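Hello,

Here is the structure we talked about. My notes follow below it.

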Amino acid sequence: MKIICVDDEELLVEDAVATCLELPQIDEAIGFSNPDDALTWLKKHPTDLALLDIDMPSMNGIELAAKIKTLRPEVSVIFLTGYSQYALDAFNVHASGYLLKPMTKERLAEEIAYVASSRPIKSSKRVVVQTFGNFDVFVDDKLVTFKMARCKELIAYLIDKQGSSVTRAEAFATLWEDRIYDRPMQKQFDGVIRAMRDTLKQYGIEDIFELKNGTMRIIPSKFSCDSYLFFQGDTDAVNAFRGEYMSAYSWASITEGYMTWKKWNR
């Protein structure tokens, strides 16, 4: 795992880098005392994790994290600060962890282990689906960006169905719990389906989705998915599951509860 450490105090940067290099998961650690230098470096160097101080004068860690996520969405972020009041802002930019100074090797190891377990499971297939924690789709290790949030939620719902066919009305009822499936909403939903298919086609993975005879489904054989591996009893997938499944979607709580029960009753 490659990591960058950013803190405006050079001695703290050196200490953070040294601590990181003591951990077996870390292959490379680079330190920066200037956030702009870190962004410039990231443009040319793939990185797994960014350890960021929040309270920096020229650009605070929250702002830096947002720019990192725009530049490289796949980079996980752990914040390091002496002030606990930043916690809410930290998670608003989808941070993977939050450490209070002084950082200890043990606490850093715990956070990095969590980040490692939350990353997509390596697969020989081009398409990798991550359902543990937040839901994401990767093609050739690059994050798929959907045109609309509903497009992403629709493909997530179909993946949750594990290849079973669903009707438009069934999918609509799940994604729009409080709306009536009338003509205007049917047209809106058709637009979501078209936009989703356009995105899949853009990334060259349209074959994972099937629309036939008024029903739709995904094709599980076309991709690797952590939750599918979990249900197959894969040890790495079972160990990686931390009780969070497609966290952004309330309808996923049923599967999440079943997976939690299954993990602790093996």
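Where is the place of Thr131? Thr131 sits in the loop between strand E6 (127-130) and strand E7 (136-139). Helices (H or I, at least four residues) and strands (E, at least two) are DSSP runs, numbered from the N terminus.

A word on the source. This is a predicted model: local features need pLDDT of at least 70, side-chain atom pairs count only at pLDDT 80 or more, and totals for chains, interfaces and linings use all residues. Residues are numbered from 1 along each chain as its sequence is written, and side-chain values use heavy atoms, with hydrogens and water left out.

Back to Thr131. Its relative accessible area is 0%, so Thr131 is buried (under 20%; exposed is over 50%, partly exposed in between; 1.4 Å probe, protein chains only). Beyond four places in sequence, Thr131 touches residues including Ile159, Cys225, Ser227 and Met246 (contact: heavy atoms within 4.5 Å).

Next, the core. The largest nonpolar core has 47 residues (buried Ala, Val, Leu, Ile, Met, Phe, Trp, Tyr and Cys joined through side-chain atoms within 4.5 Å). Among those with the most contacts inside it are Phe135, Ile155 and Ile159. E6, E7 and helix H6 (149-160) are among the elements that each supply at least two residues of this core. Leaving aside neighbours within four places, Ile155 is in contact with Phe135, Phe146, Met196, Leu200, Ile208 and Ile218.

Last, disulfides (cysteine sulfur atoms within 2.5 Å). The whole structure has zero. Cys5 is buried at 1%, and Cys20 is buried at 0%.

Best wishes
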